[in-house]
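Here's a quick briefing to read with the model open. We'll go from the overall fold to the aromatic rings.

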Amino acid sequence: ISRIRKTQTEKFDTDIKLGMSGAVFVNSLNIAVLSIKDRPLGWGLDRYENAYFKYAIKEKEKYKLKEYHKRLFDWNLNSKDASNNLAKITVEFGLFSVFLFIYFIYFAFSKKATLEEKSFLIPLVLTQLMRGAGYYNGGFLICIILMLAISLSKLND
């Protein structure tokens, strides 16, 4: 029995399999990490697909992305939108994306926005960062514009 448990444990440690949704999410984060290392200034607006095909398809052997689901690279799911805006922003804007993330933290702790404004905008932005399908879906861009407008309109206060 101990031999069976050891074999199952070893297999689990070396061969982690996720559901399709989890595999796509983790894959997009792996592509974001590779992208920061390979192209620190980013790929440019709406070019996540180019990064996906470089790291996951074209030069797959070189970058050795783990295949957390047996069909992950066969189906190329979310190859255009990364399945989340966190990875998409990181890939497309590189280190410049850090400024956006710092601004989100600044806005969350700023006294310029009221509690009502924060409780409306921050959950929307966080949700879109974790599982948004692009900048124009789910009001992500509108929320960022509203956050900037609130910060800038109360700049003199």
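A residue is called buried under 20% relative accessible area, exposed over 50%, and partly exposed in between (1.4 Å probe, protein chains only). This is a predicted model, where local features need pLDDT of at least 70 and side-chain atom pairs count only at pLDDT 80 or more, while totals for chains, interfaces and linings use all residues. Residues are numbered from 1 along each chain as its sequence is written, and side-chain values use heavy atoms, with hydrogens and water left out.

**Overall fold**
- The protein has nine helices and zero strands (DSSP runs: helices are H or I, at least four residues; strands are E, at least two; numbered from the N terminus).
- Of its 157 residues, 36% count as buried.

**Aromatic pairs**
- There are six aromatic pairs, meaning Phe, Tyr or Trp (six-membered) rings with centres within 6.5 Å; planes under 30 degrees apart are stacked, over 60 edge-to-face, the rest tilted.
- F93 and Y135 make a tilted pair, 6.3 Å centre to centre with 40° between the planes.
- F93 sits in helix α6 (residues 85-93) and Y135 in the loop between α8 (115-131) and α9 (140-153), so this pair ties together parts 42 residues apart in sequence.
- F93 is partly exposed at 32% relative accessibility, whereas Y135 is buried at 9%.

**Helix α7**
- Y103 and Y106 are both in helix α7 (residues 97-109), three residues apart, or about one turn.
- Y103 is buried at 14% relative accessibility, while Y106 is partly exposed at 40%.
- Together with F107, Y103 and Y106 form one aromatic cluster.
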